[in-house]
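The sequence and the structure are shown first.

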Amino acid sequence: MKQGYIDLRGHQTWSVDYQTTGEPLLLLHGGLSCNEDWDFYVLPSIEDRFHVYAYDRTGHGRTGIREGYFHFDFQADEAIAYIEDVIKEPTHIVGWSDGGIISLLIAIKRPDLVKSLVAIGTNYHWDTGGHFDFDAPITIPDEDKEKWIARSPDPIEQMEKTIRFGFKIWSSEPNMTVEDLAKIQCPVLVLNGDDEPFDAEHGVSLYKALKDGRLAIIPAASHYVMREQPELFTRTIREFHSHLEYPITKWPRHRRKPE
């Protein structure tokens, strides 16, 4: 594994090349987290068949803040820059939470750069019917403070500001529509736990809007499905990547073969 800072169009960005073999695949971590918080959960499903890349997005993990960070269009453009400058060819993407949102935006903005998507615990609009209090008081565990100090180039005083800014963004973004989602051409696996913070219907509507989508709702799992049901999580992603061709079922209703 090769990791360290790269200059991504003028910003020092923490990047990881796992130096595995196969077609490229980009991991996109969740919001208010970083790549090393989740890579070990998802690697068993991908590392033996893909050349895996990842990076900490601006204002996350080991990558410092800059103007515009956390807005989803900014993060999608940053990911596009990473694909163009580092991976340098179309890639598969596995994204969790905010990373899944960014994956969808990339596929809408630059379909030429995306071969397939796995969107884990992903909402496409901020109004999901869920129940998240963005105005709740913020209590930061000491363990999280220690991680920030060890990783981030920004001072610890920035941590609460970043969390509050993240909450502000989540209360008004993303704003994709089902018409936007219908533009996505590549195969997409929508993978949710059955107890996500957003309504199950929101995940179903994401799947139904896609031209080439698959839907997996894993039981007895929340937004942290990869931790709670690791074997089923791994098997589901591996099965998706093994059969990226358009699925033909014996009694289709929603899924019709494209003309």
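**Overall form**

The structure is a predicted model. The protein contains 9 helices and 8 strands. Its C-alpha trace extends over about 55 × 40 × 35 Å along the principal axes. A compact globule of 259 residues would have a radius of gyration near 18 Å, and the protein agrees with this because its own value is 18 Å.

Of the 259 residues, 52% count as buried. Contacts between residues at least 6 apart in sequence were also examined, and 74% of them join residues at least 24 apart. The protein exposes about 12,500 Å² of surface, of which carbon and sulfur atoms supply 51%.

**Strand β3 and its partners**

Strand β3 covers residues 23–28 and is mostly covered, as 5 of its 6 residues are buried. β3 pairs with two strands, β4 and β5. With β4, residues 50–55, the pairing is parallel and comprises 5 bridges. Within it, L25 stands opposite V52 of β4. With β5, residues 91–96, β3 also runs parallel, and 4 bridges join the two. Here L26 has I93 of β5 as its bridge partner.

Most residues other than glycine have a negative phi, and most peptide bonds are trans. The peptide bond from E173 to P174 is cis, with omega near 0 degrees. P174 belongs to the loop between α5 (157–170) and α6 (178–181).

The other two places concern residues that have a positive phi although they are not glycine: K88 and A220. The table sets out their values.

| Residue | Phi | Loop | Relative accessibility |
|---|---|---|---|
| K88 | about 65 degrees | between α2 (72–87) and β5 | 65% |
| A220 | about 55 degrees | between β8 (213–218) and α8 (225–228) | 58% |

Are these two residues buried or exposed? A residue is exposed when its relative accessible area is over 50%. K88, at 65%, therefore counts as exposed. A220 has a relative accessible area of 58%, so A220 is exposed too. The loop that holds K88 leads from α2 to β5, and β5 is a strand that pairs with β3.

Methods:
Residues numbered from 1 in each chain as written. Predicted model: local features only at pLDDT ≥ 70, side-chain atom pairs only at ≥ 80, totals over all residues. Heavy atoms only, no water. Buried < 20%, exposed > 50% of the residue type's maximum accessible area, 1.4 Å probe, protein only. Pairing = 2+ DSSP bridges. Rg over C-alpha atoms; globule rule 2.2 N^0.38 Å. Contact = heavy atoms within 4.5 Å. Areas by Shrake-Rupley, 256 points an atom, 1.4 Å probe, with all protein chains shown as cover.
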